[in-house]
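Please report on the side-chain contacts, strand pairing and core packing of the structure below.

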Amino acid sequence: MNSIRNRIFIVTICLTAAFIVAFGINGYSRIETNVPADLSGEETRAIVIEDFEASKIAGSVEEDGWYLTSNPKVYTKAKDEETLKKKNPVMALDLKYVDGGPNDMKVEDAFSITGLGKEKKKILGLKFRFRYPGSNVVTIEAPKEVDWKERNPVVTYDQALRQDVQERGLQIPGRAKAISLWVHGRGFPYTLELWIKDFRGDVHILEKQSINFVGWRPMIFDIPQNIPQSTDSYPVTRTSKLVRLVIREVTSVSGEHSRTSSRNASDVYVFFDQIKVLTDTYEVFFDGQDMHKAFEGGSSSNQKTQ
């Protein structure tokens, strides 16, 4: 009798495991509520977080918009134009919006969750040129942070300044698995890497990829699982953000620097369009989950006045 019961138990466990695998039941949330996760426990979707159609370009770090810097930096101390040309290690550095877009890029429908990606009229264009070959770097910092869905400004408390500040970064909704963006290259020996900042404030550099190709190409950057995107408290999902695009001069992805000046004999052009994330946006639901909003935007009735 015991042998029969054991066999029935084993068969039951195997059938349950097979059902879970077949139907993908994996409620992600670590929070246990009165309402367990159903078949919608994972909602993986592709979401556009930047389409470059209405973004700005910042002229200084204080301004909002995509902000361009380089290493070595642009030399500006010379008083006359001739001395400036001789000493400046950066011969060209410019960021602007250009009409156009990749023909193979999908245009989002009217139900885009962020409202972005419905058009492909504008792209972000980059032009630069360094005087000497070597460890040259161009950095494009993201615009100031706004809520990925509502598009409202988001502020973060800065411990050093002891005040709320609007940091730079494109919010990455949900628990992201990968980031993609369209890149137009011209066959120059450079690589592209993405910098991600998690909710704890730590910055992670996604593996660099070569942009030594010609024409448009969608580039995909996988997000490692060791980047924290959730906690054990509500809300479970904690937002990360894309803070910068970094372009480095190399001859290969392995990191061998260019040794010939012929590679610096002409301007380098790179163009970007539509940044999209593949992410799981599922969040646990429970009765009364929005009651905390009663404390937002007003003073407490028990607050004492001086």
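## Gln171

The side chain of Gln171 reaches the backbone nitrogen of Trp148 at 3.1 Å. A second polar contact, of 2.8 Å, joins the side chains of Gln171 and Glu145. Polar contacts here are pairs of N or O atoms within 3.5 Å; within protein, one must be able to donate a hydrogen and the other to accept it, and residues adjacent in sequence count only if both atoms are side-chain atoms.

This is a predicted model, in which local features need pLDDT of at least 70, side-chain atom pairs count only at pLDDT 80 or more, and totals for chains, interfaces and linings use all residues. Residues are numbered from 1 along each chain as its sequence is written, and side-chain values use heavy atoms, leaving out hydrogens and water.

Gln171 lies in strand 8 (residues 170-172). Strands (E, at least two residues) are DSSP runs, numbered from the N terminus. Gln171 counts as buried because its relative accessibility is 9%; buried means under 20% relative accessible area (1.4 Å probe, protein chains only). Contact means heavy atoms within 4.5 Å. Not counting residues up to four places away in sequence, Gln171 touches residues including Ile49, Val154 and Thr239.

## Strand 10

Strand 10 covers residues 190-197. Eight of its eight residues are buried. Tyr190, Leu192, Leu194 and Ile196 point one way, while Thr191, Glu193, Trp195 and Lys197 point the other way. In a regular strand, side chains alternate between the two faces of the sheet.

Strands pair if DSSP finds at least two bridges between them. Strand 10 runs antiparallel to strand 14 (residues 240-249), joined by eight bridges. Here Trp195 stands opposite Arg244. Two bridges link strand 10 to strand 12 (residues 209-210), also antiparallel; Thr191 has Ser210 as its bridge partner. Three bridges join strand 10 to strand 11 (residues 203-205), again in the antiparallel sense. Lys197 stands opposite Val203. The hairpin of strands 10 and 11 has five residues between the strands, and Gly201 takes a positive phi near 100 degrees in it.

## Aromatic pairs

Rings of Phe, Tyr and Trp (its six-membered ring) pair if their centres lie within 6.5 Å; planes under 30 degrees apart count as stacked, over 60 as edge-to-face and the rest as tilted. The count comes to three aromatic pairs. Phe128 and Tyr190 form an edge-to-face pair, 5.1 Å centre to centre with 85 degrees between the planes. Phe128 is in strand 4 (residues 122-130), 62 residues from Tyr190 in strand 10. Both Phe128 and Tyr190 are buried. Ring pairs link Phe128, Phe130 and Tyr190 into a cluster.

## Nonpolar core

A nonpolar core is a set of buried Ala, Val, Leu, Ile, Met, Phe, Trp, Tyr and Cys residues joined through side-chain atoms within 4.5 Å. The largest one has 41 residues, of which Leu126, Leu192, Ile247 and Phe272 touch the most other members. Strand 15 (residues 268-280) gives the largest share of this core, five residues. Leaving aside neighbours within four places in sequence, Leu192 is in contact with residues including Leu181, Met219, Ile247 and Phe272.

## Pro102

Pro102 lies in the loop between strand 3 (90-99) and strand 4. Pro102 counts as buried because its relative accessibility is 1%. Residues up to four places away in sequence aside, Pro102 touches Lys120, Trp182, Trp216 and Asp273. Pro102 and Pro218 are 116 residues apart in sequence and 9.4 Å apart in space, C-alpha to C-alpha.

How values were computed: Buried means under 20% relative accessible area, exposed over 50%, partly exposed in between (1.4 Å probe, protein chains only). Helices (H or I, at least four residues) and strands (E, at least two) are DSSP runs, numbered from the N terminus.
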